[in-house]
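Subject: Structure handover

Hello,

Here is the structure I said I would pass on.

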Amino acid sequence: QVQLVESGGGLVQPGGSLRLSCAASGSIAGINAMGWYRQAPGKQRELVAVITFGSSTNYADSVKGRFTISRDIAKNTVYLQMNNLKPEDTAVYYCSARRVTYYWGQGTQVTVSS
């Protein structure tokens with residue numbers, strides 16, 4: 001099993017920044033990508049950003065230029081730096097890890113509001 005623990009969510013004003021962290025532990029051998037998804041109330045879960053273990057990245061169009069995903073190999077941790085946050089970024093953000101199947105964290109709330 002893979003355990004994913006997210007941290008770093010919270011309340012921020014529009015234009016502000018947050019950094020989410022996701023630490024992976026357990027049977028992490030064979031994981032080939034990690035990423036962030038989000039789900040707003042009444043909406044489907046959507047991909048925000050993903051990083052493969054070959055270090056390629058992919059972003060949702062809505063966050064390109066504002067969010068950056070990165071990885072600390074030694075710490076088995078993935079980060080999501082979120083800048084210039086907008087109210088529409090408000091959602092529960094979930095960390096994921098991909099092997100043959102997907103593993104999910106418990107989610108962390110991000111609220112962008114004045």
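The notes below cover the conventions, a disulfide, the salt bridges and one arginine.

Conventions
This is a predicted model, in which local features need pLDDT of at least 70 and side-chain atom pairs count only at pLDDT 80 or more, while totals for chains, interfaces and linings use all residues. Residues are numbered from 1 along each chain as its sequence is written, and side-chain values use heavy atoms, with hydrogens and water left out.
Helices (H or I, at least four residues) and strands (E, at least two) are DSSP runs, numbered from the N terminus.

Disulfide
A disulfide is a pair of cysteine sulfur atoms within 2.5 Å, and the count here is one. It joins cysteine 22 to cysteine 95, with the sulfur atoms 2.0 Å apart. The two cysteines come from distant parts of the chain: cysteine 22 sits in strand E3 (residues 18-26) and cysteine 95 in strand E9 (residues 91-98), 73 residues apart. The angle about the S-S bond is -80°, and the link is left-handed. Both cysteine 22 and cysteine 95 are buried; buried means under 20% relative accessible area, exposed over 50%, and partly exposed in between (1.4 Å probe, protein chains only).

Salt bridges
A salt bridge needs a side-chain nitrogen of Lys or Arg within 4 Å of a carboxyl oxygen of Asp or Glu. The whole structure has four of them.
- Arginine 38 pairs with aspartate 89, the closest N and O atoms being 2.9 Å apart. Arginine 38 lies in strand E4 (residues 33-39), and aspartate 89 lies 51 residues away in the loop between strand E8 (77-82) and E9.
- Aspartate 89 also pairs with arginine 66, the closest N and O atoms being 2.8 Å apart. These two are 23 residues apart in the chain.
- Lysine 64 pairs with aspartate 61 at 3.1 Å between the closest N and O atoms. Aspartate 61 counts as exposed because its relative accessibility is 64%.

Arg38, Glu46, Arg66 and Asp89 are linked in a network of salt bridges.

Arginine 66
Where is arginine 66 found? It is in the loop between strand E6 (57-59) and strand E7 (67-72). Arginine 66 counts as buried because its relative accessibility is 9%. A polar atom of its side chain lies 3.0 Å from the backbone oxygen of asparagine 84. Beyond its neighbours within four places in sequence, arginine 66 is in contact (heavy atoms within 4.5 Å) with residues including Gln81, Met82, Leu85 and Lys86.

Regards

Definitions and conventions: Polar contact = N/O pair within 3.5 Å; in protein donor to acceptor, adjacent residues only side chain to side chain.
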